Protein chains: 2
Amino acid sequence: MGRTSWLPVAATSPFSLANIPFGIISSATSPLRRPATVIGTHVLDLKVFAERNGFAGLEAIQPHLHVFSSTSLNAFAQLGRPIHSKVRTYLQNVLSEDTAHPTVLRDNAALRNASILPLNTITTHLPMEIGDYTDFFAGIHHASTVGSLFRGPANALQPNYKHLPVAYHSRASSVVVSGTPVRRPWGQILLDPTANPKIPTFAPCRRLDIELELGAFIATPNPLGQPVPVAEAEAAIFGYVLMNDWSARDLQTWEYVPLGPFNAKNFATTISPWVVLPDALEPFAAKGVENDVEVLPYLRGENKQYDIRLKVDLTPAGEGAVPTTVSETSARNLLWSFPQMVAHHTIAGCNMRAGDLLGSGTISGEGERERGSLLEQNGGGKRSIQLVRGAERKFLVDGDTVTITGVCGTEEEGLVGFGECTGQILEAIEKPW
Amino acid sequence: MGRTSWLPVAATSPFSLANIPFGIISSATSPLRRPATVIGTHVLDLKVFAERNGFAGLEAIQPHLHVFSSTSLNAFAQLGRPIHSKVRTYLQNVLSEDTAHPTVLRDNAALRNASILPLNTITTHLPMEIGDYTDFFAGIHHASTVGSLFRGPANALQPNYKHLPVAYHSRASSVVVSGTPVRRPWGQILLDPTANPKIPTFAPCRRLDIELELGAFIATPNPLGQPVPVAEAEAAIFGYVLMNDWSARDLQTWEYVPLGPFNAKNFATTISPWVVLPDALEPFAAKGVENDVEVLPYLRGENKQYDIRLKVDLTPAGEGAVPTTVSETSARNLLWSFPQMVAHHTIAGCNMRAGDLLGSGTISGEGERERGSLLEQNGGGKRSIQLVRGAERKFLVDGDTVTITGVCGTEEEGLVGFGECTGQILEAIEKPW
Ligand SMILES: [Ca+2]
Ligand SMILES: [Ca+2]
Ligand SMILES: [Mg+2]
Ligand SMILES: [Mg+2]
Ligand code: NI
């Protein structure tokens with residue numbers, strides 16, 4: 001059994017004492033955005049905690065206390081992993097029943113009242129200022145299923161797929177925090193792909209889809225022109241979030257050749273609010289999908305993943321609607337590790353900055369019920385997905401809410417999870433032109 | 001003949017009184033980055049100018065003077081075009097021989113000494129903090145020539161090309177200001193595309209290329225989910241720069257299917273330091289390439305371009321080396337206007353922020369000597385390009401310096417230009433792994 005906190009933590013909470021993730025909050029009484037951690041059903045306001053000497057027992061953070069007055073976690077991230085580890089361990093200590101620092105918070109009513117807030121009274125915000133967001137394509141089961149739908153089974157995986165972690169630059173401005181509604185996009189759709197000439201229609205997206213992904217935030221920058229060795233790349237990662245890379249499949253099919261997806265992806269990407277540190281996930285490290293080709297030396301290394309139990313729930317609009325779990329899989333289903341992604345991303349000299357976001361690509365398992373996009377589940381729009389109470393879906397309809405959760409570990413030892421990555425689809429705007 | 005300045009402005013200067021572009025400078029005596037404008041061979045430090053009441057004669061800017069204490073032009077850009085126009089017109093007035101405000105600067109030795117610096121004593125920096133950088137593909141002559149090389153003449157232009165301004169998200173972190181050296185990238189190269197299986201080699205890029213582009217910076221943000229109408233999109237643009245979208249062709253060929261170019265583009269993109277306002281370019285508005293298909297209503301509007309005379313010079317390394325002009329063309333050679341690009345970029349709901357950068361795509365004319373990339377000039381690596389003094393090139397070699405210039409108007413009326421967008425190729429780093 002893990003250590004217990006003097007704060008109440010339900011066994012089912014993803015935010016046990018074993019977790020201690022970081023996020024950005026505001027509250028009705030204090031609208032300024034500021035760093036916090038979460039435990040059970042409470043958050044600890046790290047700005048107030050730092051200002052009132054809560055970190056007195058942690059020497060290493062003293063020169064850097066200003067990072068907790070920032071409106072994003074970028075400054076904290078940039079301190080580097082050894083400092084993150086120390087801060088997390090110290091907070092675990094301060095929050096545990098048998099704390100070595102009882103007077104800091106446990107027995108300090110004034111600071112408890114000032115710094116501990118019920119989770120249901122605060123608002124979470126984007127945890128990082130995201131400089132660049134790159135989306136990889138490392139979910140091999142997704143890549144082969146979708147590649148087969150788009151290009152036929154013979155060309156399902158491109159020749160480069162197992163030699164490099166395929167990726168494209170995506171859109172940073174439209175990354176939103178969990179809970180933000182997602183407006184159905186308008187765009188160009190080719191209704192009849194066999195027509196000649198091909199004339200697109202202008203319409204709201206009819207094939208609105210999800211992509212279940214894991215996101216990683218960069219902590220440590222590298223200078224332009226200096227690649228990050230794969231063995232050093234793990235140390236450059238600040239932490240992880242869940243991600244829903246909303247995708248407009250009909251827009252994508254028409255626009256993506258030859259330069260890749262664009263408007264099909266840039267209308268919104270939702271991330272969970274709490275950044276879970278690698279330290280918290282380390283006990284759940286697991287081997288990813290084995291690569292059966294020999295990769296180049298700059299990419300060599302174990303394919304280390306985390307065995308995060310991922311779940312996608314779809315809830316239709318309306319009073320009393322209930323969720324249907326449309327997918328359950330593990331984050332192990334990736335061909336490339338995040339360190340391999342960083343190594344490849346920087347091998348030509350690209351500089352990463354603190355706050356840069358890397359998406360894993362859609363995570364699908366091999367089973368029917370393990371697919372991280374609706375496109376894979378419906379066989380390219382051919383089959384319906386059954387929801388509870390008789391409803392069915394091919395793609396998302398207005399009012400649908402999609403909620404991704406991800407959790408590691410056991411209730412006995414204390415769960416390590418991400419909370420929710422959720423968003424509801426709003427109807428498209430009136431025909432714009 | 002245009003108005004003249006009381007500062008010396010050579011007829012050949014791109015920075016006549018008719019221009020008044022904006023940039024970010026620092027100097028040995030004052031290393032803080034700050035806004036400035038340039039005229040002839042001098043810059044006017046707008047931080048000092050604003051602090052010492054230089055804008056006294058311009059009511060409209062009074063509530064916003066803080067923007068001139070910023071380390072980027074984002075805050076100034078976000079004030080919107082009506083304010084930019086007023087500031088430019090006021091500065092033209094203050095700097096002109098027959099100024100209506102002689103005591104502000106012309107006859108104010110103290111402020112002249114404090115705020116006017118020789119251009120050759122200052123350092124220019126990135127003018128904007130770039131949130132997202134999107135690269136379009138609107139140079140139709142480039143698209144058809146390169147498409148033909150990559151996919152054969154039958155598939156040169158994809159079916160979507162004339163229906164939407166094709167684009168991909170590119171990398172913001174590696175956009176650098178003119179003068180920054182560019183390191184030859186390492187990457188995966190498929191030496192024999194006919195081999196089976198296809199096994200890439202790891203090597204420094206052998207097909208290092210340029211792309212002659214025009215860049216536009218966004219001034220006015222739009223909220224997520226709210227497209228910008230094409231008729232309103234021009235008002236959202238802050239100004240223009242020259243751009244060299246350095247490209248590693250051999251990396252690109254291997255990596256770009258199916259998600260688009262990635263490491264082939266993200267190792268560096270160079271822009272010119274001075275942002276030229278639309279007002280300054282307006283007298284040189286010209287019709288772009290006519291689109292022979294009927295586009296959807298949200299993209300309808302004239303294809304307004306600027307007749308900027310663009311030139312690409314290549315100078316080998318070494319004492320006494322002379323430049324060869326390898327390309328000369330006009331910025332008119334685009335199928336889509338920047339307002340059309342903005343309208344398309346936002347039609348699915350993507351939000352733009354002040355400081356976002358849009359690249360035009362490579363600009364090539366129809367003639368042999370009008371091609372904006374070496375790939376087009378060398379026929380896909382088959383022909384050599386002759387340089388003066390007997391040297392020749394297919395692609396760039398280490399030590400080569402590429403300099404793009406662009407200028408409008410006449411020496412009589414005063415030139416409106418961008419200055420230089422230049423970079424020298426450094427040898428690849430030692431084999432990393
Ligand atoms: Ca994705
Ligand atoms: Ca380009
Ligand atoms: Mg997305
Ligand atoms: Mg580039
Ligand atoms: Ni002088």
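This is a predicted model: local features need pLDDT of at least 70, side-chain atom pairs count only at pLDDT 80 or more; totals for chains, interfaces and linings use all residues.

Residues are numbered from 1 along each chain as its sequence is written, chains are lettered from A and ligands numbered from 1 in the order in which they are written, and side-chain values use heavy atoms, with hydrogens and water left out.

Start with the magnesium ion, ligand 4. Its protein donors are B:Asp245, through OD, and B:Thr269, through OG1, lying 2.0 Å from it. Donors here are N, O and S atoms within 2.8 Å of the metal (3.2 Å for Na, K and Ca); water is not among the atoms, so sites may look incomplete. B:Asp245 sits in the loop between β14 (237-244) and β15 (247-248) of chain B and B:Thr269 in strand β16 (269-271), so the pair ties together parts that are 24 residues apart in sequence. Helices (H or I, at least four residues) and strands (E, at least two) are DSSP runs, numbered from the N terminus.

Now chain A. In an unreviewed entry, UniProt lists A:Asp245, A:Lys265 and A:Thr269 under "binding site". These span 25 residues in sequence, yet no two of their C-alpha atoms are more than 7.7 Å apart, so they gather at one spot. UniProt positions are in the numbering used here, feature names are shortened, and annotations may be inferred rather than shown by experiment.

Is A:Asp245 buried or exposed? Its relative accessibility is 0%, so A:Asp245 counts as buried; buried means under 20% relative accessible area, exposed over 50%, partly exposed in between (1.4 Å probe, protein chains only). Beyond four places in sequence, its contacts include A:Tyr133, A:Lys265 and A:Thr269, where contact means heavy atoms within 4.5 Å.

Next, helix α9 of chain A, residues 338-346. Of its 9 residues, 9 are buried. They pack against several elements of chain A, among them β14 (237-244) and α6 (230-233).

Last, strand β1 of chain B, residues 22-27. All 6 of its 6 residues are buried, so β1 is largely enclosed by the rest of the structure. It runs antiparallel to β2 (34-39), with 4 bridges, and a hairpin of 6 residues joins the two. β1 also pairs with β5 (122-125) in the antiparallel sense over 4 bridges. Two strands pair if DSSP finds at least two bridges between them.
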